[in-house]
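Visitor: I would like to learn how to read a protein model step by step. Could we begin with one kind of link between side chains, and then move on to the wider picture?

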Amino acid sequence: MDAPRLDRALKKVTKLGGEVVLIDGTLIPTQRRTGRADRRNHSGKHRRHGLHFLALTDEKGRLIRISAARPGRTHDVTAARRDHILAHLRTAGLGALADLGFRGLDNDVRDPVVVTGFTVTRSHKLTPGQKTANRVLAVGRAPVEHGIAHLKNWRVLTKLRTDPACATRLLRALLVLTNLAVSR
């Protein structure tokens, strides 16, 4: 059993009657190496070294795809653009629920594919309707957080080094094992 390609994974979700996937970015902490080459693996948001992954789950929180490893400083939108997530979702006819880290990914007002919440600024407070929409979106996105938590439970991830190719293979193998363990 192997981790599926993105287009095949989305086709499978469509075939099973799914209409929406949940997407989120996560940082897998790694042991820091010395030298300048490892500085790009430092995440300023998390204040630690790690590798960034995008995780896609179905509506129930079952992991369907893990992206390739990227440096820890990579932003969610950048990773999604490099993986051409938007084009794959449009081709499969699926929508996606995402957190505020994906704002600006899908700027198509007439036919949005990626739905994110509303943000508050100093000059723009949220209306009660926007607050309710954010709560509904948070409830809908909760399964992706659970799916990532199941993946991060593997103890082998505590000894992970910063080799992206090795980390990608390991995480995709753990994706398959996690799905087998959770489906029991």
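Guide: A salt bridge is a side-chain nitrogen of Lys or Arg within 4 Å of a carboxyl oxygen of Asp or Glu. Please keep in mind that this model is predicted. With that rule in hand, the count in this structure comes to six salt bridges, and one of them joins the side chains of R141 and D24, where N and O are 3.3 Å apart.

Visitor: Is R141 buried or exposed, and is D24 buried or exposed?

Guide: The general idea is that a residue counts as buried under 20% relative accessible area and as exposed over 50%, with partly exposed in between. R141 has a relative accessible area of 9%, so it is buried, and D24 is buried as well, because its value is 3%.

Visitor: Which residue forms a salt bridge with R141 at 3.9 Å?

Guide: That residue is D99, and the 3.9 Å is the separation of the closest N and O atoms. This pair also links distant parts of the chain, since D99 sits in the loop between β6 (95–97) and β7 (114–115), 42 residues away from R141 in helix α4. D99 is partly exposed, because its relative accessibility is 21%. When salt bridges share partners they can be read together, and here D24, D99, R141 and E145 are joined into one network.

Visitor: With which residue does D7 form a salt bridge?

Guide: D7 pairs with R5, and their closest N and O atoms are 2.8 Å apart. Both residues fall in the middle class of accessibility: D7 is partly exposed at 26%, and R5 is partly exposed at 45%.

Visitor: D7 is found in helix α1. How should I describe the way one helix packs against another?

Guide: Two packed helices are described by the angle between their axes and the distance between the axes. In this structure the axes of α1, residues 6–15, and α3 come within 9 Å and cross at roughly 35°, and the crossing is right-handed.

Visitor: Which residues meet where α1 and α3 come together?

Guide: From α1 the residues are L6, D7, L10 and T14, and from α3 they are I85, H88, L89 and A92. Sorted by class, this contact holds five nonpolar, two polar and one charged residues. To see how the fold brings such residues together, take D7 and I85, which are 78 residues apart in sequence, while their C-alpha atoms are 9.4 Å apart in space.

Visitor: Which residues touch the most other members of the largest nonpolar core?

Guide: A nonpolar core can be read as a set of buried nonpolar residues joined through their side chains. The largest one here has 23 residues, and those touching the most other members are L10, V21, L56, I85, L89 and V114. The elements α1, β1, β3 (48–57), α2 and α3 each supply at least two residues of this core. Another core, of 19 residues, lies apart from it and includes L51, F53, V144 and L175.

Visitor: What does V21 contact beyond its neighbours within four places in sequence?

Guide: The contacts of V21 include L10, L56 and L89, and among the others are V13, I64, G95 and L97.

Visitor: Where is D83 found, and what does D83 touch?

Guide: D83 is in the loop between α2 (76–82) and α3 (85–92). D83 counts as buried, because its relative accessibility is 19%. Not counting residues up to four places away in sequence, D83 touches L6, L54, S67, R70 and H88.

Visitor: How many helices and strands does the protein have?

Guide: The protein has five helices and seven strands, and read along the sequence they follow the pattern α-β-β-β-β-β-α-α-β-β-α-α. Of its 184 residues, 43% count as buried. Finally, among contacts between residues at least 6 apart in sequence, 62% join residues at least 24 apart.

Methods
Residues are numbered from 1 along each chain as its sequence is written. This is a predicted model: local features need pLDDT of at least 70, side-chain atom pairs count only at pLDDT 80 or more; totals for chains, interfaces and linings use all residues. Side-chain values use heavy atoms; hydrogens and water are left out. Helices (H or I, at least four residues) and strands (E, at least two) are DSSP runs, numbered from the N terminus. Buried means under 20% relative accessible area, exposed over 50%, partly exposed in between (1.4 Å probe, protein chains only). Contact means heavy atoms within 4.5 Å. Axes are lines fitted to C-alpha atoms, for helices over the stretch in contact, and angles run from 0 to 180 degrees between N-to-C directions. A crossing is left-handed if the near helix is turned anticlockwise from the far one by less than a right angle, and right-handed if clockwise. Ala, Val, Leu, Ile, Met, Phe, Trp, Tyr, Cys and Pro count as nonpolar, Asp, Glu, Lys and Arg as charged, and the others, Gly among them, as polar. A nonpolar core is a set of buried Ala, Val, Leu, Ile, Met, Phe, Trp, Tyr and Cys residues joined through side-chain atoms within 4.5 Å.
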